[in-house]
Amino acid sequence: MAVALLAVMVLVVTGLEWTIKSRADSGILSRSVQAIVTDDPNLNTPTAVPTAPGSFTPENILLLGSDTRAGAANAAAGGTDASTSDGVANSDTLMIAHISSDRHVTVLSIPRDTMIDAPTCKIWDGATGELSDTTQPVSRGEKWHINSAYSVGGPQCTVRAVQDLTGLKMDRVIGIDFAGFQNMVDALGGITVNVCRPVVDGELGTVIPNGGVQTIQGDTALNLVRARKVEGDTDSDLARIRRQQIVLSAILQQVTSAGTLLNPGKLDGFLQAFVQNTFTANVTIDDLVALAQSMGNLDPSKVTFYTLPTVPSEYNPEALDPEQPAADEVFNALLNDQPLPGEGGGTAAATTPALPSPSGDAGAAAGGLATGTTVDPASIKLTVINVTGRSGVAGQAMDDLNAVGFDISDSDLQARPDEVQPDVTIEYDPTNLNAALTVAAAVPGATVVPVDGLGTSVRLLLGENYEGSVDAVSAGAKATATMGTATAPASSSAGSSDGSGGSGGTAATTALTSINAGEALCA
């Protein structure tokens with residue numbers, strides 16, 4: 001995971017390289033797998049000007065978390081679900097770590113339920129890690145969940161699936177299983193996290209009984225990042241990804257704390273837990289040392305997490321499709337080594353980024369991106385307007401939004417049964433951008449539309465495509481959304497009590513939210 005690079009950075013700057021290098025070399029090599037695919041016709045070519053002389057070469061590392069329960073340690077860590085006890089696993093967690101030429105790290109999480117075109121892969125033996133000469137039969141137009149690629153063809157098939165989806169070449173692969181993650185947290189003596197509310201999962205039971213700042217051990221941390229059926233979550237996979245990103249941030253902060261850096265026993269235990277519980281492709285300890293040295297320092301704020309923009313799948317009602325054009329804009333930005341919105345620092349590539357330039361200007365042109373900081377959801381004067389053509393939608397949205405911190409009452413709901421629009425739009429006064437971005441971060445698929453004259457009010461118009469998904473949002477996070485253009489002037493037509501309404505707006509992409517590893521956010 002992202003902690004893999006940090007583990008070796010710690011190794012370098014603390015002078016402990018010589019004490020573990022021989023063990024690390026043998027451990028990494030003994031767990032090496034066949035995964036890198038360099039002759040993939042799906043790879044795209046960067047269009048940006050080559051990086052400036054003296055800068056580092058950007059690279060992409062595919063980070064995999066396997067849900068295998070093969071072996072006693074993984075079976076114990078994995079809990080009661082024995083679906084993968086035969087050693088055939090899915091990639092439970094899938095992230096791309098893009099290390100830029102100026103050595104910032106962008107980590108893009110890809111939801112495990114994302115639907116993809118089935119790749120052509122050799123079948124692998126999960127028990128031995130060996131690829132066979134037999135190709136998995138694939139029908140024309142066949143679709144898979146992206147995490148299924150691992151169960152069919154292991155890490156190499158996952159690389160093919162990710163490269164096919166993104167057009168990005170994966171330079172290295174690092175993977176870890178249940179037991180490895182748990183052991184790394186335990187080696188640190190636990191990690192300190194801020195939990196937004198009690199975490200009660202339909203399968204795992206009570207993971208964390210009380211909210212607030214607390215220290216958790218490896219078994220609890222593992223369940224926190226695994227939980228997919230948490231009470232109060234409206235989108236299980238995306239909510240889980242957010243918890244994973246915050247837990248990884250907590251690990252990064254813990255590793256770089258004085259309590260770890262000045263404790264050789266704890267530090268060596270963490271590094272050995274990493275080495276002994278990972279599988280890799282195109283990775284040696286020397287590669288990681290060189291990469292770590294190029295990073296310069298251990299500041300967790302150099303790492304920023306994002307989640308691939310998605311929408312409900314047209315192929316599977318319980319799955320997701322990449323949202324376009326937002327997903328391709330993200331892939332193109334990484335391809336051309338450009339920072340994503342909300343990311344500190346710039347890269348050396350000198351052409352116009354594929355993503356429109358981020359701007360804090362609330363009056364940015366339609367199609368451009370506006371970037372700001374989320375505010376306390378309870379402080380937003382939000383009207384929910386139902387323009388889906390279905391009854392009761394706004395009332396349910398009110399309940400869902402209030403559950404994640406908004407403060408909406410029945411008087412804030414409108415229904416406009418004679419006005420139907422396809423998309424979800426958020427109307428706001430140009431002076432109130434951060435409030436609109438907060439709503440956009442909570443409602444996946446929403447378009448933000450500046451409308452003069454709304455003052456401190458924000459209007460959420462729920463169109464036909466609204467599926468009821470609501471995400472938790474906390475104040476102080478960076479958020480970005482694409483600007484749209486209103487097709488009707490601001491008005492305060494009341495409509496009937498339910499929650500519907502809308503001025504039309506141009507289609508736009510989902511707000512692209514980020515979590516910086518140096519921030520203190522709740523999971």
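Let's start at aspartate 400. Leaving aside residues up to four places away in sequence, aspartate 400 touches Thr234, Gly468 and Val470; contact means heavy atoms within 4.5 Å. A word on the model. It is predicted: local features need pLDDT of at least 70, side-chain atom pairs count only at pLDDT 80 or more, and totals for chains, interfaces and linings use all residues. Numbering runs from 1 along each chain as its sequence is written, and side-chain values use heavy atoms, without hydrogens or water.

Back to aspartate 400. It sits in helix 12, residues 393-403. Helices (H or I, at least four residues) and strands (E, at least two) are DSSP runs, numbered from the N terminus. Is aspartate 400 buried or exposed? Buried, meaning under 20% relative accessible area with a 1.4 Å probe, protein chains only. Lys and Arg count as positive, Asp and Glu as negative; His and the chain ends are not counted.

Next, helix 5, residues 178-187. Seven of its 10 residues are buried, so it is largely enclosed by the rest of the structure. Among the buried ones are Phe178, Phe181 and Met184. Just after helix 5, glycine 189 takes a positive phi of about 80°.

Then strand 9, residues 191-195. Ile191, Val193 and Val195 point to one face and are buried. Strand 9 runs antiparallel to strand 12, joined by 5 bridges; strands pair if DSSP finds at least two bridges between them. Valine 195 has glycine 212 as its bridge partner.

How values were computed: Buried < 20%, exposed > 50% of the residue type's maximum accessible area, 1.4 Å probe, protein only. Salt bridge = Lys/Arg side-chain N within 4 Å of Asp/Glu carboxyl O.
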